[in-house]
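Dear colleague,

I am passing on the structure below, followed by some notes on what was found in it. Please read the notes with the structure open beside you.

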Amino acid sequence: MKKIILVTLAIFPLATVFAQQAPPAASSSPAPTVSNAMPATAADVDALRQQVQSLTDTVKALQQQVKDQQAALEKANLAGESGLPQNPEPSPIAGAESAAPSGSAPPQFPTEDTSVVSSTTAPAVSGTPALGGFPTTDTSVVTSGPETISSTGAGASLTQPITIGGGKNYMNISLDGLFALAYSSARDLDNIEVGDHDPQQRGFNARNIELAFDGAVDPYFEGFANIVFKLDNDNETEVEVEEAFMQTTSLPFNLQLKAGQFFAAFGRLNPTHPHTWDFADTPLVNGLFLGPDGLRGVGAQGSWTLPLPWYSQLIFASQNGRGSTGFSFRNPGDDGMFFDRITTDREARGLQDFVWIPRFENSFNLSDTQTVLAGVSGAFGSNETGADSRTQIYGADLLYKWKSSHAEGGFPFVKWQTEFMYRRFQAGHGADDSFPVAETFHDWGLYSQVLWGFKKGWVAGIRGDYVHMQDSEFTDDLDRQSRWRISANLTWYPTEFSKIRLQYNQDFLERNFFLSAREVESVFLQWEFILGSHGAHKF
Amino acid sequence: MKNYFRSQVVAGIADPGNRHHRCRLQLLAAALALLPLVASAKLNVVATLPDFGALAREIGGDKINLVVLAKPTEDPHFVDARPSFVVSLRNADVLIDGGAELELGWLPPLLQNARNPKIEIGKPGRAQASQGIRLMNVPTNVTRAAGDVHALGNPHFTVDPIIAKAIAQHIAQSFSALDPANAAFYDANYKKFEAAINAKLQEWGATMLPVKGQHVVAYHDSWPYFAHRFGLNIDIFLEPKPGIPPSPSHLTEVIAQMRAQHIKAIIVEPFHDRRIAEKVASATGAKVVEFSQFPGGLPGTDSYVKLIDALVSRLAAALK
């Protein structure tokens, strides 16, 4: 760019010279054609010759000048090719070199460059004028003084835009599409897969098309929303406000409050969105205890990171726990039935009818490359199967991750994640004592998975699932069948914005009082794309 | 301090039958209460990347507690947001980050969790290195079809010593604003660093002069600032697009280009697949040169000057 400017500058006087010389040349050239009428004298010809000669000399001199300048530029070999942003002032390096002959010092390497560093930093630098050589400043790379940032006080964030793709915006927006092609030996895949965003039928599935928004609300709050569209097995679109909440950013004492519709911070997997999962489907224990859509609801949450030398956080939330997203709690169930009881579906009578969700998590670094995160969670509330029937779920989770100290793109890594849950469910007499028996179910389950990112973009995974449902001679609900599952998968992430995954599941459903044993094989081909500015994911 | 705290914990719980138990618990409570006070004796500085960390060390010396989040040998685009980083950020008086979206994949959730108003953008406790730097290769059109493109421009700028000086000055200003008692110390350290770089630039410039104008192949487009400073052309990459792994067809093209232009060196960083570079090198007779953007990424480069020393001498030797 600079070269072009300089060459233009060099050519400009040349053109001017031609323009000035042109009129006499033009008037002389017609001369031969009119020679009969006005024969030129020998003196005229000589004068013309001299004129032409001097013009030629001028042109030669100018050509030489242009050549010299080009050579000087080549020597300096600056921004021309390197694609520096356009910069009107002449290259400081070229300047240093052209200045050098007049000075006594030989041409040296510049130590300033105003094309990269602003002039405001220069005064501090000017204390060392001795260097006539390599520039030590460069305004082409440093544009403005660092002190300019301090002028934007906290109040400026009121109008501070969020950057998307180099532009300025007030929020990040993204669209995530998650699809699966499924085959299963079972004709009722929707009964085998326990998650609402899992493949639900043989053939193509579009269970999670998600719009995500996030950004700073003002200096005090951040806002998040996840709106999910899913296509049911008849291709009808269902809309789900999966999450929509605000949270504080500037409370003292490491406190944070959150309010709105959000996923409960129960265990590792529940608070995350399906597209971040390492498998194509929900672990059995999550789907059967916390619910097909996970435990989430309208509520409020406070969290506190303890002032300890390691990461330690206490989280406490309360949600309505009503409906299918409060699955084991105030859930009226499909067609008003849950675990065979006619449900009560009533308004909250008091605090005991809300779901209370505490969590305590701690993390340690075993080494520079190994991290452990362990947590315990609980969810306590009432359920709709009787007048005073209650549910308690306890969880423990462990994450171990190793990542190479020479990781490229986050690979290679090994990640081991396990969650264990125990549920105590008091199944009552149903609405108006319509069910003859009250039972207390002690159910438990766990999953454990290992992911190995063996090569940039490639992850192999294996997962084991088990759920023990207490057998009952009174309740024949399909969800009350003890079962286990083995899954293996291979995922290719072309970039962090797309993935293709092949997964194989083998399910074993155990015989109980009402249901016979079953064995099911399933294969899923899952694919995903992300458009836009999707928020970075937590550890 | 950490050990002191641990010993208190152990003392408090190891012998519950002890009649001094309650007294020890009080001690523990006192220790907990004192934690922030003890911590505030020195500036707590967190640098996202090791290059900013090295500059902070030049300026802060023993007057700061420094934590560097990313390792010098790992890919700075993908660093795990480890929970321990939340603790470091929560306790930070100063956060030095690039400000050019290099840490976009991992810093935002950490900051969200850290809940530390002192290091918000706009506060003196937040030094963004790219502030005042004119970034190169700002895309006019941002599309992910072009690979991992940084919308604000190429964020690998610290390897230009002139830019490093500006960042160091920026850091010195930030430290001085938060710790005025030691402002003279920080300023003197900056002056020292600046003088060292100015002197070293003569040396580096002289070493690179004979190889000026040469073309060099790099694995990833991390080197436009280095190339600009020393008059090199580092514009052919083993990655077909930033962040996209090398494909056989692209490598064939690179090999043809390298042969045509007689390119003598391929630079790779510690986290790149060296075998791919070796293959291309053996097909073209070029040398593989190990490079790093970060002090500590190459053996014997624990300071910024030592890093550039190593880069300059390695490349000059390979291009001879």
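A:Asp345 sits in the loop of chain A between strands β13 (341-342) and β14 (355-365), where strands (E, at least two residues) and helices (H or I, at least four) are DSSP runs numbered from the N terminus. This is a predicted model, in which local features need pLDDT of at least 70 and side-chain atom pairs count only at pLDDT 80 or more, while totals for chains, interfaces and linings use all residues. Residues are numbered from 1 along each chain as its sequence is written, and chains are lettered from A and ligands numbered from 1 in the order in which they are written.

The phi of A:Asp345 is near 45°, a positive value in a residue other than glycine, and because 15 C-beta neighbours lie inside 10 Å, A:Asp345 counts as partly exposed (a residue is buried with 20 or more other C-beta atoms within 10 Å of its own, exposed with 12 or fewer, and partly exposed in between, the C-beta atoms being placed from the backbone). B:Asn137, which is not a glycine either, has a positive phi of about 55°, and is found in the loop between β4 (126-128) and α6 of chain B. Most residues other than glycine have a negative phi, and most peptide bonds are trans. A cis peptide bond, with omega about -5°, joins A:Phe411 and A:Pro412, and A:Pro412 has its place in strand β17 (residues 411-427) of chain A.

In chain B, 4 strands form an open sheet with parallel pairing, in the order β6-β5-β7-β8; two strands pair if DSSP finds at least two bridges between them. Strands β6 (233-237) and β8 (287-290) of chain B stand at the edges with a single partner strand each, so one side of each is left without a neighbour in the sheet. Strand β5 (residues 215-218) of chain B pairs with β6(B) over 3 bridges in the parallel sense, and B:Ala218 has B:Phe237 in β6(B) as its bridge partner.
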